Amino acid sequence: MATISASRHAFIHGQWTVDDSARLYGLQDWGKGYVGVDPDGHVTILPTKDPGKQIDLYEVVSGLRERGIHTPVLLRFNDILSHRLKEIRKAFDDAMTEQQYRGGYSCVYPIKVNQQRHVCEQIANLAVELNFGLEAGSKPELLAVLGLSAVAGGPGVNGMPIICNGFKDDEFIETVTLATKLGRNIVPVVEKFSELELIVKHAKAYNVRPKIGLRVKLSARGAGRWESSAGVRSKFGLFVSEVLQAVEYLKKHGMLDCLNLLHCHVGSQLYDIRVLKNAINELAHIYCELHRLGAGLTTLDIGGGMGVDYDGSQSAWSSSINYSVAEYAADVVYRVKAVCDDNKVPHPLIISESGRAMVAYSSVLVMDVLGTSRFEANPDMEAIQKALKQEEEAPQPVLDLLEAHANLTDRNLVETYHDATQARDEAMSLFSLGYMSLPMRAAAEQMFWAIGHKVLEKALKKGGELPDEFEALPELLSDIYFCNFSLFQSMPDSWAIDQLFPIVPIHRLNEEPTRRGMLSDITCDSDGKVDHFVDKRIDKKTLELHEVKELPGEGAGVESYYLGVFLLGAYQEILGDLHNLLGDTHAVHISLDDAGGWEIDEVIEGDTVEEVLSYVQYDIADMKRAMRLDIEAACRQGRLTLAEGKSLLKFYDDGLEGYTYLEG
Ligand SMILES: *Cc1c(COP(=O)(O)O)cnc(C)c1O
């Protein structure tokens with residue numbers, strides 16, 4: 001197991017160092033040069049991958065706290081976003097130069113991946129500079145994209161490709177037709193044949209020569225979670241027979257020259273490059289055939305799907321990918337060129353709709369740990385003995401557990417653990433049947449945990465692989481760290497599709513993490529937990545974490561301990577929901593400044609309680625009025641003093657205006 005070998009490494013070399021932490025948490029593996037650690041043990045962000053320009057995450061969070069912005073907070077790094085877009089641009093430019101490809105490349109950003117205005121505006125501005133574009137998949141997104149490209153301004157705007165996917169109605173097509181008249185480089189992609197009829201109708205009515213795209217259902221299968229995005233049973237696109245009908249239809253209307261773009265989308269997070277190669281090969285062949293039939297095709301749109309190596313393993317695994325951006329570009333360019341050259345067809349402009357790959361790296365959520373729960377290794381023996389004396393007759397399973405604990409040796413690990421498990425199960429069923437007291441049940445649980453810890457410790461000391469019998473133990477005995485966030489709001493794909501995101505303490509990396517835990521959020525949903533963590537080799541169910549000390553004083557909570565969740569820029573924000581009425585977190589845009597430090601560009605405050613209640617149609621004024629009347633009545637009847645009534649009302653009002661998360 002990776003974690004054990006990491007601790008052993010530290011053991012051999014003595015002092016734990018930040019390099020040990022970097023290795024343990026895989027910072028280099030999934031961080032791809034954007035994430036590092038400084039000598040103080042703080043995680044740093046290298047927005048341009050330049051080690052000379054690092055932003056200390058812990059310093060950012062402390063700085064924000066001083067400004068009254070508390071965790072959980074989503075940090076967006078503008079420089080990562082722009083670096084990433086340039087990296088994609090460069091990968092295709094290099095591949096095209098190397099392979100003497102003459103068609104050019106553009107990346108259109110599907111705004112569904114993260115529609116936040118600040119993110120999209122930055123991308124729209126960069127799009128003008130990099131010859132990139134935007135993609136809309138619905139009516140509201142179309143209106144957003146038309147506005148965004150206008151806001152980006154400059155002479156590049158009208159040339160900026162705008163691709164419209166998804167289902168379209170009459171009004172949608174009419175808007176697109178008028179936008180074409182306005183001068184926009186906009187391409188509606190036909191997903192169903194009836195959309196083509198609408199396009200032709202409006203083109204005639206407004207006397208416009210539109211650019212038309214066709215999405216084709218490939219026979220090549222997709223792969224992974226979004227496998228059904230491709231193949232003949234996919235939701236979107238035309239069968240090859242319909243593509244041929246479309247050609248006839250356009251010819252009949254004298255518009256075959258308008259057929260400008262051929263599109264496919266074989267799914268998101270394509271982890272195996274072979275799937276992409278097969279799809280591109282098929283798409284390029286169809287392109288050449290249509291070219292031969294006289295279509296005015298100039299553009300091949302290969303859809304999205306460029307993946308992100310979330311776990312850092314660089315493998316064909318759902319949370320990873322077995323290729324780099326450069327390899328992706330080289331393979332796409334190579335396939336398209338080979339097929340076109342064979343068919344003597346001019347190289348098309350290649351468009352990719354890479355959403356995830358553009359934005360995933362740029363956002364990090366930082367959350368604070370509120371407390372921990374432990375499955376103790378050292379039971380309070382005195383208390384257990386005392387409780388036993390109170391019993392008329394000591395229950396056999398508890399006696400068995402005590403004996404097992406006392407007699408455990410290196411030679412009887414498996415046997416003792418087996419007996420202990422049986423005794424614990426017996427204890428639980430006796431309790432359920434009403435034959436065991438609550439203190440005895442508590443004693444049985446505590447003794448079982450103690451035996452588990454001892455067994456695990458002895459088994460690990462023996463070295464080598466953990467025997468199968470004990471495989472579940474580390475997980476069973478691990479701590480629970482309660483964190484101030486909602487999984488459903490901030491990392492919904494962790495819940496919905498078991499997506500892994502790297503999670504790392506953002507400070508104390510110069511200290512060996514001595515605990516192992518899983519994370520729980522503050523929703524009251526038992527699904528609101530993280531119990532799978534990234535690792536290059538294993539399915540890791542607990543995360544190495546630092547001991548978090550209780551602060552002195554009743555209810556004073558614990559010392560500050562912050563965890564960062566990385567690679568959250570794609571899909572998470574918009575798919576996040578209001579489970580338990582936990583709203584949007586604060587979002588803060590951070591940039592490198594000229595002096596080598598960092599600055600805050602933008603603070604977007606998270607939802608207030610009032611806002612989330614209004615989303616679900618509460619009338620805040622009504623609620624305040626009702627509370628005030630009830631409090632007044634209570635004061636009149638002497639159940640509350642006037643001062644108490646005033647405090648309660650103030651808590652109520654302040655609470656409504658406050659953050660939906662816990663504010664320490
Ligand atoms: C969702 C989607 C994309 C974006 O896919 P990524 O995997 O994020 O690159 C691109 N094109 C279409 C048609 C989509 O539906």
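Which residues does Leu 262 touch, not counting residues up to four places away in sequence? In this predicted model, where local features need pLDDT of at least 70, side-chain atom pairs count only at pLDDT 80 or more, and totals for chains, interfaces and linings use all residues, Leu 262 meets Leu 214, Val 216, Leu 283, Ile 286, Tyr 287, Leu 290, Leu 297, Thr 299, Leu 300 and Asp 301, contact being heavy atoms within 4.5 Å. Residues are numbered from 1 along each chain as its sequence is written, and side-chain values use heavy atoms, with hydrogens and water left out.

Leu 262 also belongs to the largest nonpolar core, which has 158 residues; such a core is a set of buried Ala, Val, Leu, Ile, Met, Phe, Trp, Tyr and Cys residues joined through side-chain atoms within 4.5 Å. Here buried means under 20% relative accessible area, exposed over 50% and partly exposed in between, with a 1.4 Å probe and protein chains only. Leu 75, Phe 92, Tyr 109, Leu 262, Leu 519 and Phe 566 touch the most other members of this core. Its greatest contributor is helix α11 (residues 273-292), with 11 residues; helices (H or I, at least four residues) and strands (E, at least two) are DSSP runs, numbered from the N terminus. A second, separate core has 28 residues, among them Leu 401, Ala 427, Val 455 and Leu 477.

Next comes a loop residue. Ser 268 sits in the loop between β10 (259-263) and α11. Ser 268 is buried, at 8% relative accessible area, and its side chain makes a polar contact of 3.1 Å with that of Arg 356. A polar contact is a pair of N or O atoms within 3.5 Å; within protein, one must be able to donate a hydrogen and the other to accept it, and residues adjacent in sequence count only if both atoms are side-chain atoms.
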